[in-house]
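Please keep the sequence and the structure in view while reading.

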Amino acid sequence: MFDAHLEAASLTPTDIDNLLAFGVRGALCPPDTRSPVETVDQLVGRLSLHLCTVIPRLRAQGFDARAVLGIAPELEPQTSSDEALAWIDARCGEGLVRAIGVLGIDDGTPWRLRLLTRQLELAARHRLPALVRWPHEADRHQVDALHAAIDGSGLPADRLWFTGVTEPQLLPLARAGYGCVLHAGPFGLTADSCARLLRLAPRAALRRIAVGTGNARGSRQPFALPAVVVALHHLGHPDGSRPWRALHDSALDRATATGVAPTAAPIAPRTASGC
């Protein structure tokens, strides 16, 4: 099985062993957003640490970690982000990035919307998927602003995957061709909610649904991992490959997007010139 959204910066070797034991062989892993950055140099350092240290460490343990890079609202520096965007662009050009994210608009300021649009344009240019947080449904301004940013970016709907989606938004978004990453865990997907989805969702919509652990640190880990396994099985993805394959059919690495590593042997990292 493949986890579609795993915050992996603080996972220990024991956590990885647990993931593998539960049958989760790999994940899309975005950068650590637990602490803010003040300068663009700090931001590039954070992204470099993720791509050059965290991802290779996980892969050396046999976990098929795929790098997600992007400037989340929590990581916006107080100065211009141009240098960081250029760094991400270069790493995408080297084939080391599997998705752009996790992006968001938060307060919807013009600067934040412009940064979101530029990153969606970057994803479109490199034919990569983008992971974007779905805004609070009650804030129509943010929802409308997000749709405007998407329309202006040129990124096709089938390369957009929304995180933080709840059941009321799920089917309309999936029917519109967008992907949805549902978070499994004590406060997310359950067997009952999966059963409801199977009753209500057409088969085409189910192909646009993936499951992710999200924040799996610390005490939540024992709850989140079985929930991912249960959710994937109840959604009719016995090996977890279908949503992962759908996600990466639109990406640059189509040929390798199986989502299942045959063994837990070390996975050789690829070296980035920016590391």
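## Helix α2

Helix α2 (residues 40-60) has 21 residues, which at 1.5 Å a residue should span 30 Å, and its end C-alpha atoms lie 29 Å apart, which agrees; the expected span is 1.5 Å times one less than the number of residues. Helices (H or I, at least four residues) and strands (E, at least two) are DSSP runs numbered from the N terminus. This is a predicted model, in which local features need pLDDT of at least 70 and side-chain atom pairs count only at pLDDT 80 or more, while totals for chains, interfaces and linings use all residues. Residues are numbered from 1 along each chain as its sequence is written, and side-chain values use heavy atoms, with hydrogens and water left out.

At His 50, α2 bends by about 30°, the bend being the angle between axes fitted to the seven residues ending there and the seven starting there. His 50 is also among the buried residues of α2, which include Leu 47 and Leu 51; buried means under 20% relative accessible area, exposed over 50%, and partly exposed in between (1.4 Å probe, protein chains only).

## Strand β7 and Thr 163

Thr 163 belongs to strand β7 (residues 160-163) and is buried, with a relative accessible area of 3%. Beyond its neighbours within four places in sequence, Thr 163 has contacts (heavy atoms within 4.5 Å) that include His 5, Trp 134 and His 183.

Strand β6 (residues 130-133) runs parallel to β7, joined by four bridges; strands pair if DSSP finds at least two bridges between them.
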